[in-house]
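Dear colleague,

Please find below the structure that I am handing over to you. My notes on what was found in it follow directly after.

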Amino acid sequence: MDTLAKQVVVGVSVAVALVALAGAVIAGAGKSSRPERTPGPAALRWSPGACVTGDLALTPCNGGASEVVAIAPDPPGPGDCPEDTDDVLRVGPGRTACVRNFLDPHPGAPGGGGGLLRVGDCVALDGRERPCARPGWYGRAVAITPDAAACPEGTLDTLGGGSRTICLGPGGQVLDRGACVARPPGRVADRSDVTRVACGSARAWARVLSFETAAGSCPARSERYLRSASAPRPVTCLDVLSK
């Protein structure tokens, strides 16, 4: 009997101890001194996958118009932004964001006027891309090369310099054989002063006969010529229509 009583007493003591411990745990959980942290909105960062509004500001992705597809140096070098980039935004010292719209239109498509300069795009005299559907562009890119010597055959003019040359083909203000030009304002004129016009126009002053490396190589009936220090064909030989 004594042995059984001891066993019972021990068993009761353990049960009481467990109940007391459980009570201590529960009481402790209810009186925690560490404040509960409420989750806040995630910080918006210029990083791949971030979303951008139509005003080119970061936004949660339930309301964005475009997406950051890459972060690149400023300015981006060849291959730094994906080919389908619609816009390039400066987002910090030495950093740009390559952005693509979720929906049409996609200005980064060839001729669209935005994104990366590529073959088929139209450019102004300063080398900046312009939408081909709007006036004000000088020529259309047929290649983009390290220098003018690398331009493909058929290149009519070039823009740029340094590490990039834009090789231009027909279209815009770029001259080719048979094109007509208005009379420049003086004997010495910038390329921007030479305006291509319709040959039937009252403003048509001369017609392009050929392009040569030297004025002495112009055809015999060429009375005037234009000289450019930067064009791949430095001398443009002209047949004057309006004396």
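Accessible areas here come from the Shrake-Rupley method with a 1.4 Å probe. On that basis, the chain exposes about 15100 Å², and carbon and sulfur atoms supply 56% of this area. Please bear in mind throughout that the model is predicted.

Regarding the chain as a whole, there are 243 residues, of which 33% are buried. The secondary structure consists of 15 strands and 1 helix. Of the contacts with a separation of 6 or more, 37% are accounted for by residues 24 or more positions apart.

The partner of S14 is strand S15 (residues 235-240), and the two pair in the antiparallel sense over 4 bridges. Within this part of the sheet, Arg227 stands opposite Val235 in S15.

Two individual residues were also examined.

Is Ser66 buried or exposed? Its relative accessible area is 2%, and since buried means under 20%, Ser66 is therefore classed as buried. Leaving aside residues up to four places away in sequence, Ser66 touches Ala50, Cys51 and Val52, and also Val99, Arg100, Asn101 and Phe102. As for Asp86, this residue lies 20 residues from Ser66 along the chain, and the C-alpha atoms of the two are separated by 9.0 Å.

Which backbone oxygen does the side chain of Thr145 reach? The side chain reaches the backbone oxygen of Asp147, at 2.8 Å. When residues up to four places away in sequence are not counted, Thr145 touches Ala150 and Cys151, together with Ser163, Arg164, Thr165 and Cys167.

I would be grateful if you would look at these points in the model displayed above.

With kind regards

Note on methods:
Residues are numbered from 1 along each chain as its sequence is written. This is a predicted model: local features need pLDDT of at least 70, side-chain atom pairs count only at pLDDT 80 or more; totals for chains, interfaces and linings use all residues. Side-chain values use heavy atoms; hydrogens and water are left out. Buried means under 20% relative accessible area, exposed over 50%, partly exposed in between (1.4 Å probe, protein chains only). Contact means heavy atoms within 4.5 Å. A polar contact is a pair of N or O atoms within 3.5 Å; within protein, one must be able to donate a hydrogen and the other to accept it, and residues adjacent in sequence count only if both atoms are side-chain atoms. Two strands pair if DSSP finds at least two bridges between them.
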